[in-house]
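Me: I should like to learn how to read individual features of a protein model. May we take them one at a time?
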Amino acid sequence: MEPTERKRRHSGRTTLSDVARAADVSPITASRALRGERGVAAGLVERVKQAAQQLGYVPDPAARALASQRSTQVPVLVPLLSNALFVDVLEAVHRTLLPHGYQTLIGVTHYEPLQEEQLLRSYLAHRPAGLLLTGFDRTEAARALLATSGVPCVHLMELTTAPGVHCVGFSQIDAGYAIAEHLLQRGRQRIAFVAAQLDPRTMQRAEGYRRCLRQHGVYDARLELLSPQPSSMRLGGELLEDLLRTRPEVDAVFFCNDDLAQGGLLAALRLKIAVPERIAVAGFNDLSGSDLMVPPLTTVRTPRRAMGEASAQMLLELMRGDSPSPGALDLGFELVVRGST
């Protein structure tokens with residue numbers, strides 16, 4: 001009995017040698033055919049693929065990476081999977097990378113830079129083909145790991161003009177400014193900012209809100225209600241009730257995320273508080289269901305699917321050794337005005 005046959009029977013796994021033998025070609029030819037390399041006759045490619053399908057052959061990515069010195073894995077690090085924003089981004093990344101032979105690995109950081117650092121150490125040990133990371137808030141040790149790894153990397157959600165950094169996103173500050181300006185144009189003067197989670201992008205939206213109100217001379221720090229708790233509809237309702245109880249002069253609320261705003265609208269409905277007559281309500285991200293609220297929610301529509309696709313395309317260029325232009329891609333945002341304001 002041949003060693004490869006003994007190994008296959010021992011492990012129960014079909015090997016490349018099994019496929020090659022069934023297709024009556026050499027293992028090298030079988031490998032080239034399955035990788036889609038040029039120079040292999042179309043008839044041989046079809047024969048090898050049929051043999052692989054019949055035998056249920058699944059390539060070993062670790063062995064392939066070791067043989068070729070090239071991984072097909074792309075870790076994508078996001079803060080949460082409970083937020084539809086990041087799920088939409090991940091789906092678009094996966095859909096873009098898969099036809100090019102890359103597998104998406106998902107890492108969840110829970111907005112904790114130390115967790116991100118641990119994930120980076122683990123993933124980089126396996127020499128991934130590339131990385132997609134959320135934002136720029138990370139430890140100095142993580143920055144050093146990225147700088148010395150040589151692994152192509154694209155950052156999501158935020159923008160920077162720093163040399164050598166590739167990113168796809170939009171200005172969170174400008175988006176926060178746009179919501180505040182819209183509320184001012186609606187005649188509101190006592191505009192509150194209500195936020196949870198308090199991650200860097202939330203605080204950038206807060207900065208846009210502050211800049212706008214300061215320019216118009218109506219900023220009041222007492223109208224900010226910031227909670228470190230995770231963002232949720234339940235919390236949004238609780239924060240709106242707290243806001244109206246302690247700051248009854250408020251005539252508009254900018255919630256940092258749509259789930260908070262949706263909870264705020266439900267609380268207003270329950271308490272019989274007229275929206276937008278008594279108080280205007282705006283959110284952020286245009287999450288599912290925001291257009292179905294009573295009244296429909298005014299919000300900022302963020303380009304999450306486009307962001308996933310564009311960042312994956314930029315990473316594909318980097319993994320090919322190209323230099324994407326521009327290095328920082330601003331996809332912008334859209335203010336969606338509905339009945340809540």
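Reply: Helices and strands are DSSP runs, numbered from the N terminus, a helix having at least four residues and a strand at least two. His110, for example, is placed in the loop between strand S2 (103-108) and helix H7 (113-124). Please note that the model is predicted.

Me: How many of the residues score a pLDDT of at least 70?

Reply: The share is 92%, and the protein chain averages a pLDDT of 91. Over residues 1-10, however, the pLDDT is below 50, and this stretch has 11 contacts in the model beyond near neighbours in sequence. Where pLDDT is low, the predicted coordinates should not be read in detail.

Me: Which residues other than glycine have a positive phi?

Reply: Among them are Asp24, with a phi of about 60°, and His110, with a phi near 55°. Asp24 is in the loop between H2 and H3 and is exposed, at 67% relative accessibility. His110 is partly exposed, at 43%.

Me: Which residues of helix H3 are buried, and where do they lie around the axis?

Reply: An α-helix has 3.6 residues a turn, so residues three or four places apart point the same way. In helix H3 (residues 27-35) the buried residues are Ala30, Ser31 and Ala33. These residues cover an arc of only 165° around the axis and therefore lie on the same side of H3. Helix H2 (16-23) and helix H4 (42-55) are included in what covers the buried residues of H3.

Me: How many aromatic pairs are there, and at what angle are the planes of Phe170 and Phe333?

Reply: Two rings pair if their centres lie within 6.5 Å, and planes between the stacked limit of 30 degrees and the edge-to-face limit of 60 count as tilted. The count comes to five aromatic pairs. For Phe170 and Phe333 the ring centres are 6.4 Å apart and the planes stand at 55°, so this pair is tilted. Phe170 lies in the loop between strand S5 (167-169) and helix H9 (172-185), and Phe333 in the loop between strand S11 (328-330) and strand S12 (334-336), so the pair ties together parts that are 163 residues apart in sequence. Phe170 is buried, with a relative accessible area of 3%, whereas Phe333 is partly exposed at 31%.

Me: Which residues do ring pairs link into a cluster?

Reply: The cluster consists of Phe193, Tyr209, Tyr219, Phe254 and Phe284, linked by ring pairs. Arg214 lies over the face of Tyr219, at 4.6 Å from the ring centre.

Me: How many disulfides does a search of the whole structure find, and why is Cys212 too far for a bond?

Reply: The two sulfur atoms of a disulfide must lie within 2.5 Å. The search finds zero disulfides. For Cys153, the nearest cysteine sulfur is that of Cys167, 10 Å away. The sulfur of Cys212 is 17 Å from the closest cysteine sulfur, in Cys256, and is therefore too far for a bond. Cys153 is buried, with a relative accessible area of 14%, and Cys212 is buried at 0%.

Me: Where are the prolines that follow a cis peptide bond?

Reply: The bond from Val275 to Pro276 is cis, with omega near 10°; Pro276 is in the loop between helix H12 (258-270) and strand S9 (280-282). The bond from Val294 to Pro295 is also cis, with omega near -5°, and Pro295 lies in the loop between S9 and strand S10 (299-301).

Terms used:
Residues are numbered from 1 along each chain as its sequence is written. This is a predicted model: local features need pLDDT of at least 70, side-chain atom pairs count only at pLDDT 80 or more; totals for chains, interfaces and linings use all residues. Side-chain values use heavy atoms; hydrogens and water are left out. pLDDT is the predictor's confidence in each residue, from 0 to 100. Contact means heavy atoms within 4.5 Å. Rings of Phe, Tyr and Trp (its six-membered ring) pair if their centres lie within 6.5 Å; planes under 30 degrees apart count as stacked, over 60 as edge-to-face and the rest as tilted. Buried means under 20% relative accessible area, exposed over 50%, partly exposed in between (1.4 Å probe, protein chains only). A charge sits over a ring if NZ of Lys or CZ of Arg is within 6 Å of the ring centre and within 35 degrees of the ring normal. The arc is that of the directions from the helix axis to the C-beta atoms.
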